[in-house]
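Hello,

The structure is below, followed by notes on what was found in it. Please read them with the model open.

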Amino acid sequence: MNQASPGKILMLYDRARSGERLFLEALRIAAEKHCVLYIVGACESAPKSSTPGWAPLPSDRVADDLINMSRMAQSHGLMIDGCVLAEPSAEQLRGVLQQQVITRIVRMRPGSRESVEQRWGRALEQAAHALGLPLVDVDPTATAT
C-alpha cells in the first residue's frame, strides 16, 4: 500500500546564537512527525571586494553548519536536507516551500531577542501565509528536550 508522504518541516538558519536551539526543536518535531527536516541556510551575499582565500564566504560558513547538522541528525537516525540562499526573498522562499512539499515551518517566536529569522523572517512569514502553511513558534527560553 502506498502511503502519502508526511511532507517536510522547514526551518530558516542564519548562524544566529539561537540557531542550535531552533535546530534541536525542529529535529525533535521532525522525529515526532516522522518526516524530513529541510533547512534553508540564509546568508548575506558575498562582499563585492572579497578576495578568494582571504576569508570564508558567508555561504561557505552556513553550508559547513548544514553539513554538521546533517551528521548530527544521521547519528540519531534522522534525515535532513537543505539549501543555502543568499538574502532570500519571499518569492524564493515560496518556491522552496512548494518544491520541497513543506507542510509546516518551525521558527523562533517572532519579536524575541533570540529570533533566528530577524533579517529574513518577514520574507519567510509572507511565503508561509501565501501558501497557508502553519508556523510553529519555538520559545527561546524553554529548555531543549
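The buried residues of helix H2 are covered by, among others, strand S1 (8-13), helix H1 (19-33), strand S2 (36-43) and strand S3 (80-86). Helices (H or I, at least four residues) and strands (E, at least two) are DSSP runs, numbered from the N terminus; buried means under 20% relative accessible area, exposed over 50%, partly exposed in between (1.4 Å probe, protein chains only); contact means heavy atoms within 4.5 Å.

This is a predicted model, in which local features need pLDDT of at least 70 and side-chain atom pairs count only at pLDDT 80 or more, while totals for chains, interfaces and linings use all residues. Residues are numbered from 1 along each chain as its sequence is written, and side-chain values use heavy atoms, with hydrogens and water left out.

The buried residues of H2 are Pro58, Val62, Asp65, Leu66, Met69, Ser70 and Ala73. They lie on the same side of H2, because they cover an arc of only 145° around the axis (the arc of the directions from the helix axis to the C-beta atoms). Arg71, Gln74 and Ser75, on the other side of H2, are exposed. After H2 comes Gly77, with a positive phi near 75°.

Now the strands. Seven of the eight residues of S2 are buried, so S2 is largely enclosed by the rest of the structure. S1 and S2 run parallel and are joined by six bridges; strands pair if DSSP finds at least two bridges between them. Leu12 has Val40 in S2 as its bridge partner. S2 also pairs with S3 in the parallel sense, over seven bridges, and the bridge partner of Tyr38 in S3 is Asp81.

Regards
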